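Thanks for coming. I have one structure to go through today, and I will take it slowly. Please have a look at it before I start.

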Amino acid sequence: MFSPVPSPSMSPEEMKQIVELGGGKFLGYTAENDYVWIMDLATGSSGVVLLHDLTPENVRRKVREIRIRFQAEWA
């Protein structure tokens, strides 16, 4: 599912650090569409952030979206 090929602009370790700064867990990177897969640790649900949008703030935003979606589905 995930490509082991890192982006030429960022290593997997750098991606992981940014995701963790944003409060998520780094799951992997998909090279064919530049998706960085993240997980919300509170719910175990996952989502994606585009590599060129990968910042701690965007990860925080995505984690909030994941939690809202999870709560809506399980409320």
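Some housekeeping. This is a predicted model, in which local features need pLDDT of at least 70 and side-chain atom pairs count only at pLDDT 80 or more, while totals for chains, interfaces and linings use all residues. Residues are numbered from 1 along each chain as its sequence is written, and side-chain values use heavy atoms, with hydrogens and water left out.

Layout, then. The protein chain has 2 helices and 3 strands. Helices here are DSSP runs of H or I with at least four residues, strands are runs of E with at least two, and both are numbered from the N terminus. Read from the N terminus on, the order is α-β-β-β-α.

How much of the chain is buried? Of its 75 residues, 31% count as buried. Buried means under 20% relative accessible area, exposed means over 50%, and partly exposed is in between, using a 1.4 Å probe and protein chains only. As for contacts, which means heavy atoms within 4.5 Å, take those between residues at least 6 apart in sequence: 40% of them join residues at least 24 apart.

Now helix α2, residues 56-74. What span should its 19 residues have at 1.5 Å a residue? The expected span, which is 1.5 Å times one less than the number of residues, comes to 27 Å, and the end C-alpha atoms are 27 Å apart, which agrees.

Which residues of α2 are buried? They are Val59, Val63 and Ile66. Looking down the axis of α2, these buried residues fall within an arc of 60°, so they line one face of the helix. The arc is taken from the directions that run from the helix axis to the C-beta atoms.

On the face of α2 turned away from the buried side, we find the exposed residues Ile68, Gln71 and Ala72. And what covers the buried side? The cover of the buried residues includes α1 (12-21), β1 (24-30), β2 (35-40) and β3 (46-50).

Next, helix α1. Its buried residues are Met15, Ile18 and Val19. Seen down the axis of α1, they fall within an arc of 100°, so these too line one face of their helix. They pack against β1, β2 and α2. After α1 comes Gly23, with a positive phi near 90°.

How do the two helices meet? In general, two packed helices are described by the angle between their axes and the distance between the axes. The axes of α1 and α2 come within 7 Å and cross at roughly 60°. An axis is a line fitted to C-alpha atoms, for helices over the stretch in contact, and angles run from 0 to 180 degrees between N-to-C directions. The two helices are therefore oblique to each other. On this scale, under 35 degrees is roughly parallel, over 145 roughly antiparallel, 65 to 115 roughly perpendicular, and the rest oblique. In residues, Ile18, Val19 and Leu21 of α1 meet Pro56, Val59 and Arg60 of α2.

Now some single residues. Asp40 is in strand β2. Buried or exposed? Asp40 counts as buried, because its relative accessibility is 0%. Setting aside neighbours within four places in sequence, Asp40 is in contact with Ser45, Val63, Ile66 and Arg67.

Asp34 sits in the loop between β1 and β2. Its phi is near 60°, which is a positive value in a residue other than glycine. With 33% relative accessibility, Asp34 counts as partly exposed.

Last, Asn58, in helix α2. Asn58 is partly exposed, at 22% relative accessibility. Apart from neighbours within four places in sequence, Asn58 is in contact with Val49 and Asp53.
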